[in-house]
Structures are given as C-alpha cells and as structure tokens.
Amino acid sequence: MHLLFVVLACSTLALSAANEWGYPDLENNQDEPFPKWGGLCDSGKKQSPINLHVNGALKGEFDPLKFENYDEHQGSLQMVNNGHSIQISGFDHELTLSGGALGSDYVVEQIHMHWWSEHTINTIRYPLEVHIVHRNTIYPNITMAANFKDGITVLGVLYHVSNTPNEAIDSIIKSLGEIKAYEQQNVPVNVADSLAVDDLIPSVANYFTYAGSLTTPTCAEAVTWIVLTQTFPVTLAQVNEFKEIEYDQGKQLHNNYREIQSENNRAVVLVEQLQRAGAAQLSALGLSLTLLLCFAVQKINLL
Ligand SMILES: [Zn+2]
C-alpha cells in the first residue's frame, strides 16, 4: 500500500515536472513575459532561436546536403499532442541527412512544429516553423546525443502566409482533431494520410547554419541548426488549426515559440548554392555577350 502511494506520488511529481514549463499566452496578453525555464535555458551562451540576418551572416561554401529516403511515403506515422507541440514519429523508412558542413550521418527522430516561427529572418517572424530533428548516428539515442555538441541537427523550415493551402500540412491537420483535447494529451494517433517528409521542405539550396540549442528544456547546446532561407506557403486557417490544441483543461496553445536569444558572437553562416552561383554565372555570361556586342558594333562603325 505504501509502495503504491510512493509510486503514485512519484509519477504525479514526474508529470507535473514535465508540464512545468510553458509559453506565455500572447493572444490573451501580448505583454506577458516569457518565463524562465531554468538551467542551461537561462545560463547558456549558445541558445536558440536567434534572428538570422542575410547581410550579417558569414558566406559559406560546402558540398550539397544529401537527403536519403525523404521522398519515400511514410505509411505508419504517428502524431501526438505533447502539451507543447504536435510531434510526428514512427518513420518506416530511415531518413538520413549528411553532407554540407555535417561531419557524420544524422537520422530523423521526430518532426514537430512551432506557431509562430522561432527563428526570424531579418527580424521577420513567420506564421509557422517546422523542425525536423535528427540524431547523429554515432550516438545510440537522442538523450545521449543531447550531451554532445555534434549530437543533433535540426532542419528548420519557415512558412509564409499564402492563400493556397499547403497539402502536406493538410495531411497532418486531417488527423489533428483526434488529439486537440487535453484528455488526448500524450495519446498517439495514426496520421491518416501517408506523407513524404520532403513534401514539408522547399528548396534546400540556400540556408543558414549555426551552432545552437534545443528551443525547449533542457535547452541542450547540442544542435547544428540548418534553417532554410526559402519559405513554404501555408494559410492562416491552417495555422489556426494548430492553435486549437489544448495544453491544459480548456486552455489552448495559442503560441509555442521561444523568444529570440543572444547571438553572443557566434558564427552564423549563410550557404547559397546553385541559385546564386547560377545567377553569378549568368550575369557574367550576360556581361561578356554585351561586351562582345559592343566590340562588334564598334567594328561595324569603324568599317
Ligand atoms: Zn522545435
């Protein structure tokens, strides 16, 4: 009997500890301060998210990022309302990310979203940010990986407002109704539509990369961030669906982004492949053609 009480008391404690942290409800009070989450979240010097400046970033050049199996349709995905976000896992194909500035192979562990975006680009906040969380394959699990600075890579995709619904986001929203209520918290449901992860990702040619942290407690500084500069469309009606999920009885999670953290002189690198190089080559070609034409015209004039 005593043991049962202790076990119950412990699990209640664990539950309340897990739900202790949260976000200010900015829809009800836009001046509500962001709470302190404690530990590294308050004392860390390499925290995320940050504002990403296109003009302030260092220019980088790396091999292209390599994505394996991101185009495979995942038929048995599961989705859960964990009280802080909507999280998707259960990939039946192993998705591997390598290349770029990454020193090893990373596999997708889970995907979740933030509404509004956590990172801002040139101080602009976007309505939605999708995080595709990858674990370095040299570590056996994500908890272990979080102890090392090369442990985790998160691919961040920002979405811009559009009139055109995003089909991939729609596939997720279709199953969202089952987990919006507080009573359904931490109860996984199947994602009804099969989804290929690359349907959530626009062009990966241009991106920011920097060393940062998880944006939720424990705020471990184990993350190589890759935030794409190209954004993807989403409608505000779609974003509003996410805002209806409950984190507590009758309380909706209107926003779940962390405030911008200090950059602290970190190197933020902007990688621009293909498009910019292509554009530079094209303009160089244009210039040579123009010069050639000038010479030709001059010659004709001389004749
Ligand atoms: Zn996140």
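The structure is a predicted model in which local features require pLDDT of at least 70 and side-chain atom pairs count only at pLDDT 80 or more, whereas totals for chains, interfaces and linings use all residues. Residues are numbered from 1 along each chain as its sequence is written, and side-chain values use heavy atoms, with hydrogens and water left out.

The protein chain contains six helices and 20 strands (DSSP runs numbered from the N terminus, helices being H or I of at least four residues and strands E of at least two). Of its 303 residues, 44% are buried (buried, under 20% relative accessible area; exposed, over 50%; partly exposed, in between; 1.4 Å probe, protein chains only). Among contacts (heavy atoms within 4.5 Å) between residues at least 6 apart in sequence, 73% join residues at least 24 apart.

The zinc ion has His112 (NE2), His114 (NE2) and His131 (ND1) as protein donors, at 2.0 to 2.1 Å. Donors are N, O and S atoms within 2.8 Å of the metal (3.2 Å for Na, K and Ca); water is not among the atoms, so sites may look incomplete. The sequence spacing of the donor residues is H-x1-H-x16-H. Both His112 and His114 are buried.

The second largest pocket is lined by 15 residues, of which Cys41, Asp42, Arg258, Glu259 and Gln261 are the closest to its centre. A pocket is here an open set of points on a 1 Å grid over the protein atoms alone, with protein on both sides within 12 Å along at least five of seven lines, and lining residues have an atom within 4 Å of a point. The lining divides into five nonpolar, five polar and five charged residues (nonpolar: Ala, Val, Leu, Ile, Met, Phe, Trp, Tyr, Cys and Pro; charged: Asp, Glu, Lys and Arg; polar: the others, Gly among them).

Most peptide bonds are trans, and most residues other than glycine have a negative phi. The bond from Ser48 to Pro49 is cis, with omega near 5°; Pro49 lies in the loop between helix H2 (40-43) and strand S1 (51-52). A cis bond also joins Pro217 and Thr218, with omega about 15°. Asn69, in the loop between strands S3 (65-68) and S4 (73-74), has a positive phi of about 75° and is partly exposed, with a relative accessible area of 29%. Asn265 has a positive phi near 60° and is exposed, at 81% relative accessible area.

Notes. On a 1 Å grid over the protein atoms alone, a cavity is a set of points where a 1.4 Å probe fits but cannot get out, and a pocket is an open set with protein on both sides within 12 Å along at least five of seven lines; lining residues have an atom within 4 Å of a point.
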